[in-house]
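Today I am opening my notebook on a new structure. I will jot down what I look up, one entry at a time.

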2 protein chains.
Amino acid sequence: MFKRKTKAFVLWFTGLPCSGKSTLADMVYDFLMKKDHKVERLDGDTVRTVFPETGFTKEERDEHIKRVGYLASMLEKNGIIVVSSFVSPYEESREFVRGLCRNFIEVYVSTSAEECEKRDVKGMYKKAREGEIENFTGINDPYEIPRNPDIVIDAEKEPAEESFRKIKKHMRRYM
Amino acid sequence: MFKRKTKAFVLWFTGLPCSGKSTLADMVYDFLMKKDHKVERLDGDTVRTVFPETGFTKEERDEHIKRVGYLASMLEKNGIIVVSSFVSPYEESREFVRGLCRNFIEVYVSTSAEECEKRDVKGMYKKAREGEIENFTGINDPYEIPRNPDIVIDAEKEPAEESFRKIKKHMRRYM
C-alpha cells in the first residue's frame, strides 16, 4: 500500500498562562503518536525544569524562546514533528522561530485573561495580582497578540473537539 | 540482507580552542553521512552564531553547554546520532550532559595550549595573551581536564587517521 511521506513541521501553541495550550498540544501529540508519527513534545514548564536558572524578564524570555525554537527547528530538520506549547508572549521571538523552521504553524489560543484566571487551579493569577509573582504574562507583563497566526483557537467558545478538528485539518497539508 | 539497527549516541568532543576538535568531528560526521546514518553536527561556533548574546563567563558557559546538551539529548532520543564539538571546559556541565544522554561518548582532544597556539591561524591566543580577549580558555580561563573520558585523542603525536580509527572502533558498539 502506498503511504505518502509526511513532512515534518513545528506546531507552536502560544497564549496566556492557563489558556489551554498544553491540553490541546497533548491531544495533538497523542493523536500523532497513535498514528506512529515521529513526534516530540516541547512544553514551557518541562523545559524550565531542566534549566531552572532561566528568568522571566523580556530579555530572558526572548533568549529562552529563541533557544527552544532552535531545538524545535533541529528536530524538524531531522524529520521529527514538534508539538510545542510556550506562553511565548513576544511577536519578535515567535517570528525568529518561524524563520528558523521549515514548516511553522503558529496556533494562537486566544482565551482571555479573565477566563484564564478562572481556570487557574494553582492560583498564579491571584498571586501575580497581589504582587507575589513578578513578570506574570497577562497581569504585570505584556502579551503581544500574534499578527498572522496560522490557526486561532477560541477555547472559550468552541469545544476542544472543534479546536482539535481545525488543527488536524491544517496538519493534513504535511501528512 | 540483515542490517543491525543502529542505536543513536552523542559523540562529544571537548578540548582547548584550536585543539583539532572540529576537524576530527567533521571527519566523523562525513563518514556517518556517507554510511547513510541519521546524524546531526553541533559546533560551538555555529550555535553561537544563532545566539550571539551568549557570553563566556563560567555561568554563561555552563548554561550554554547544558542547553546544547539538552538539544543533543533530544536529537539522540529521536534516533539521531549527534557529533558535537565544544570547548566545554567544565567537568560539571559535561557530566550534566552525560546524564541527559543515553549513550554519551566523551572524546577529550588533549592538544596542549602551546601546540594549540601554533595552530591558531586567527591569532586568538595572541590576543588573549595581550588581554584583548577575556575569558579565553587556556590563557585567562581554566580548562578542566576530563576525569573519565571515553576516548583520549593525542592530536600532537598521533596522525588523524589513527585518532579516527580509535573513534570508529568505539562507535561500533552502537552500530
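This is a predicted model: local features need pLDDT of at least 70, side-chain atom pairs count only at pLDDT 80 or more; totals for chains, interfaces and linings use all residues.

**Entry 1: the interface.** Which residues of chain B lose the most area to chain A? I found Phe51(B), Arg67(B) and Tyr70(B), which together make up 29% of what that side buries. As for the residues in contact, I noted 22 from chain B and 22 from chain A.

**Entry 2: charged and polar pairs.** Next I looked for salt bridges between chain B and chain A, and the count is two. One of them joins Glu40(A) to Lys77(B), with the closest N and O atoms 3.1 Å apart. I also looked up residue pairs in polar contact between the two chains, and there are four. Which elements of chain B give two or more residues to the side that touches chain A? My list reads strand E2 (39-43), helix H2 (44-50), helix H3 (58-77) and helix H4 (91-100). H3(B) gives the most, with eight residues.

**Entry 3: how the copies are related.** I then laid chain B on chain A. This takes a turn of 180 degrees and a shift of 0.0 Å along the axis, and the RMSD is 0.0 Å. The two copies are therefore related as by a two-fold rotation axis. In chain B, the C-alpha nearest that axis belongs to Leu71(B), at 2.9 Å. I also saw that the same surface serves both copies, since 100% of the contact residues of chain B recur in chain A.

**Entry 4: a covered strand.** Last, I turned to strand E4 of chain A, residues 104-109. Is this strand mostly covered or mostly open? It is mostly covered, with six of its six residues buried.

Which strands pair with E4(A)? Strand E1 of chain A (residues 10-14) pairs with E4(A) in the parallel sense over five bridges, and Leu11(A) has Ile105(A) as its bridge partner. Strand E5 of chain A (residues 151-153) also pairs with E4(A) in the parallel sense, over three bridges. There, Tyr108(A) stands opposite Val152(A).

Key: Residues are numbered from 1 along each chain as its sequence is written. Chains are lettered from A and ligands numbered from 1 in the order in which they are written. Side-chain values use heavy atoms; hydrogens and water are left out. Copies are superposed by least squares on the C-alpha atoms of residues with pLDDT of at least 70 in both. Contact means heavy atoms within 4.5 Å. Buried means under 20% relative accessible area, exposed over 50%, partly exposed in between (1.4 Å probe, protein chains only). Helices (H or I, at least four residues) and strands (E, at least two) are DSSP runs, numbered from the N terminus. Two strands pair if DSSP finds at least two bridges between them. Buried area is the accessible area (1.4 Å probe) that two parts lose on being put together, summed over both. A salt bridge is a side-chain nitrogen of Lys or Arg within 4 Å of a carboxyl oxygen of Asp or Glu. A polar contact is a pair of N or O atoms within 3.5 Å; within protein, one must be able to donate a hydrogen and the other to accept it, and residues adjacent in sequence count only if both atoms are side-chain atoms.
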